[in-house]
Amino acid sequence: YHPPFQRRQHTDGMSLWGGGGGKPNAMQEAAERYRRSEERLTSELRRERALNEAILSKHEDLKKLAGVAVAGAAVLAAGLGFAGARYALSRRVKQLSAQHDASLAAVQARGRELEQRAARSATRKLARSVVDSACDDLERIVAAKDPKVTVEHIREGVAMTQAGLHKVLGGVGVKPMGIAVGDVFDPEIHNAVAQVPADGELAPTGTVRVREVMREGYWFDEYPLRPAEVVTTRVNDGGADDSEPSPGTQDASPTP
């Protein structure tokens, strides 16, 4: 590169302006100042170009960082939105659970109240039936003052009262077991209060059967309401013992 006013040497060693070995004239000094100024401008342009390139590079970096920040903000917003939705859903579940518990408690309380009402109603109906079927008849029997009334009449009246009472109890599922002498002993429905020998002494082996019914047992539907109290004996032939109860049967003590 040669500035426009660069000094050139001739073949004879003379300057373009002025003689050789002389001091530079004003034109040479102006050209030198112009050259230096142009070099400074070129250097400044280079520095400015480098600065612009650095600024562009920083701008690209900032754009990348901005993109990362935007993506991070989106992820954070999505996470916060999910957390908020999860929190709202958790609160709703708790509210529904509390409402369900309250409704369940109310239904259970209502069910208990209805059961108590039904039980009281059934008890009231049963009590009314017992009063109508038994109490009135028993009061008439007790209040009877006619001298013509005999024990047989009283027995018939009590039997009728018993039949009416059994009918009332049968309406609610209570009925007598009908235990008879000679039945095979069953611990599910029999309560042995005593054991007596059939022919003077207890047989070591054989079938245990009912010898005497001390108190009748009752069923409630298919379940034993009260077992029958019986006196038992052991027989070898496997059949019923038809002998009459001995006088000491009532006083026989239970077998340990």
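How are α1 and α2 oriented to each other?

Author: This is a predicted model, in which local features need pLDDT of at least 70, side-chain atom pairs count only at pLDDT 80 or more, and totals for chains, interfaces and linings use all residues. Residues are numbered from 1 along each chain as its sequence is written, and side-chain values use heavy atoms, with hydrogens and water left out.

Helix α1 covers residues 26-143 and helix α2 residues 151-170; helices here are DSSP runs (H or I, at least four residues), numbered from the N terminus. Their axes come within 9 Å and cross at roughly 180°. An axis is a line fitted to C-alpha atoms, for helices over the stretch in contact, and angles run from 0 to 180 degrees between N-to-C directions. The two helices, α1 and α2, are therefore roughly antiparallel to each other (the term applies to angles over 145 degrees).

On the α1 side, the residues that meet α2 are Leu 126, Ser 129, Val 130, Ser 133, Ala 134, Asp 137, Leu 138 and Ile 141. Their partners in α2 are Ile 154, Gly 157, Val 158, Thr 161, Gly 164, Leu 165, Val 168 and Leu 169. Contact means heavy atoms within 4.5 Å. By class, this contact of α1 with α2 has ten nonpolar, five polar and one charged residues. Ala, Val, Leu, Ile, Met, Phe, Trp, Tyr, Cys and Pro count as nonpolar, Asp, Glu, Lys and Arg as charged, and the others, Gly among them, as polar.

As for confidence, the mean pLDDT of the chain is 76, and 80% of its residues reach 70 or more; pLDDT is the predictor's confidence in each residue, from 0 to 100. It stays under 50 over residues 5-20. Where pLDDT is low, the predicted coordinates should not be read in detail.

Definitions and conventions: Parallel < 35°, antiparallel > 145°, perpendicular 65-115°, else oblique.
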